[in-house]
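Please go through this model with me and set each label beside the rule on which it rests.

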Amino acid sequence: MTVYVLHLDPPLKHASHYIGYTPDPTAERRVAEHLSGGAKASPLIAAALKSGSVVRVAHVVEGDAAGRDFERWLKAGKDTRAWCPCCGENRRRLPDPSRITARFRASKVDRNSA
Ligand SMILES: [Zn+2]
């Protein structure tokens with residue numbers, strides 16, 4: 001499993017990052033699909049590329065901890081700029097998946113999934 005974070009420069013409207021999940025062991029295939037801008041790209045990434053944004057891979061987390069829960073938790077954090085190396089703020093390290101609470105894991109609400 002892999003969770004990856006893409007950084008959009010410049011942002012598309014208010015979107016400066018894309019956080020995604022793939023069951024693949026690496027992000028390679030899925031990121032290539034996004035960067036192709038084709039039918040398998042996320043609509044956000046395709047639109048960003050079309051508008052001239054540069055899309056960079058900011059983080060890749062592979063392994064058992066990099067599941068849907070981790071993706072959902074990162075999205076819920078709303079503080080991606082603080083730990084995105086491309087944003088240059090470096091205020092925080094990438095959140096550690098081991099800190100996801102049981103309560104969050106159990107929650108069914110997923111307002112951020114596309
Ligand atoms: Zn960033």
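Q: Where in the chain is confidence lowest, and where is it highest?
A: By pLDDT, the predictor's confidence in each residue on a scale from 0 to 100, confidence is lowest in helix α5 (residues 102-106), at a mean of 84, and highest in helix α1 (residues 28-36), at 98. Over the chain the mean pLDDT is 91, and 94% of the residues reach 70 or more. This is a predicted model, in which local features need pLDDT of at least 70 and side-chain atom pairs count only at pLDDT 80 or more, while totals for chains, interfaces and linings use all residues. Residues are numbered from 1 along each chain as its sequence is written, and the helices (H or I, at least four residues) and strands (E, at least two) are DSSP runs, numbered from the N terminus.

Q: Why is Arg99 called exposed?
A: A residue is exposed if 12 or fewer other C-beta atoms, placed from the backbone, lie within 10 Å of its own, buried if 20 or more do, and partly exposed in between. Arg99 has 8 other C-beta atoms within 10 Å and is therefore exposed. Arg99 is found in the loop between α4 (80-83) and α5, and its C-alpha atom is separated by 9.8 Å from that of Trp73, 26 residues apart along the chain.

Q: Which strands are the edge strands of the open sheet?
A: The sheet has 3 strands in the order β2-β1-β3, with antiparallel pairing, and its edge strands are β2 and β3, since each pairs on one side only.

Q: What makes up the largest nonpolar core?
A: A nonpolar core is a set of buried Ala, Val, Leu, Ile, Met, Phe, Trp, Tyr and Cys residues joined through C-beta atoms within 7 Å. The largest such set has 20 residues, and those with the most contacts inside it are Val3, Tyr4, Leu6, Ile45 and Phe70. The elements giving two or more residues to this core are β1 (2-12), β2 (15-22), α2 (43-50), β3 (54-62) and α3 (68-77), with the largest share, 5 residues, coming from β1.

Notes: Pairing = 2+ DSSP bridges.
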